[in-house]
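Here is a short report on one structure. Look through the sequence and the model, then read on.

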Amino acid sequence: MTPGTVSVGGQAMYPNKNIVQNAVNSADHTTLVAAVKAAGLEETLQGKGPFTVFAPTNAAFSALSAGTVETLVKPESKATLTKILTYHVVAGNMTADKIMAAIKAGKGTATLKTVSGGTLKAMMNGPKNVVLVDEKGGVSTISTYDVVQSNGVIHVIDKVLMP
């Protein structure tokens with residue numbers, strides 16, 4: 001693999017490609033990609049950025065209550081879907097080192113402002129593990145850090161964050 005390339009969902013994620021170009025190749029993120037398309041966010045996430053995307057896996061979407069994903073991708077749910085998806089995006093290039101430094105500076109908690117206008121709290125769970133807490137108290141663990149993109153960085157997470 002090319003230097004800087006990380007494997008996600010069984011596919012190489014190339015640092016010279018943008019967030020959408022890489023995400024469409026991940027077998028673990030087909031639900032996220034379908035949701036991004038349904039919300040009309042492809043163009044935004046292919047923009048200059050930089051963006052930090054906390055990308056829930058297909059398993060994370062499957063863990064939502066039955067029918068949730070099917071309802072969210074309907075045209076009449078576009079506003080709700082957009083709010084949920086943009087809640088997973090933070091402006092800037094927040095690598096794991098930067099997130100951990102912000103947690104340390106915040107004496108154990110870093111508050112991240114999302115593109116949707118909400119907030120996520122980042123905390124350490126052990127010496128090297130970052131967890132995110134959403135506004136409803138849901139906890140998600142970052143399973144893959146620092147998947148570098150041409151327009152930002154992706155961190156793979158195990159739960160869908162809810163604003």
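## Overall picture

Over residues 16-161 the chain is 33% helix and 27% strand, and the end C-alpha atoms lie 27 Å apart. Helices (H or I, at least four residues) and strands (E, at least two) are DSSP runs, numbered from the N terminus. An unreviewed UniProt entry annotates residues 16-161 as "domain: FAS1"; such annotations may be inferred rather than shown by experiment.

This is a predicted model: local features need pLDDT of at least 70, side-chain atom pairs count only at pLDDT 80 or more, and totals for chains, interfaces and linings use all residues. Residues are numbered from 1 along each chain as its sequence is written, and side-chain values use heavy atoms, without hydrogens and water.

## Helix H2

Helix H2 spans residues 30-39, and its buried residues are Leu32, Val33, Ala35, Val36 and Ala39. Seen down the axis of H2, these residues fall within an arc of 160°, so they line one face of the helix. Buried means under 20% relative accessible area (1.4 Å probe, protein chains only). Their cover includes helix H1 (19-23), strand E3 (51-56) and helix H6 (78-86). Gly40 follows H2, with a positive phi near 75°.

## Asn151

Asn151 sits in the loop between strand E8 (139-149) and strand E9 (152-157). Asn151 counts as buried, at 3% relative accessibility. Its side chain has these polar contacts (N or O pairs within 3.5 Å, one able to donate a hydrogen and the other to accept it):

| Backbone oxygen | Distance to a polar side-chain atom of Asn151 |
|---|---|
| Leu45 | 2.8 Å |
| Gly47 | 2.8 Å |

Asn151 also touches other residues (heavy atoms within 4.5 Å), including Asn18, Ile19 and Phe51.

Definitions and conventions
Buried < 20%, exposed > 50% of the residue type's maximum accessible area, 1.4 Å probe, protein only. Arc of directions from axis to C-beta. Lists of a residue's contacts leave out its neighbours within four places in sequence.
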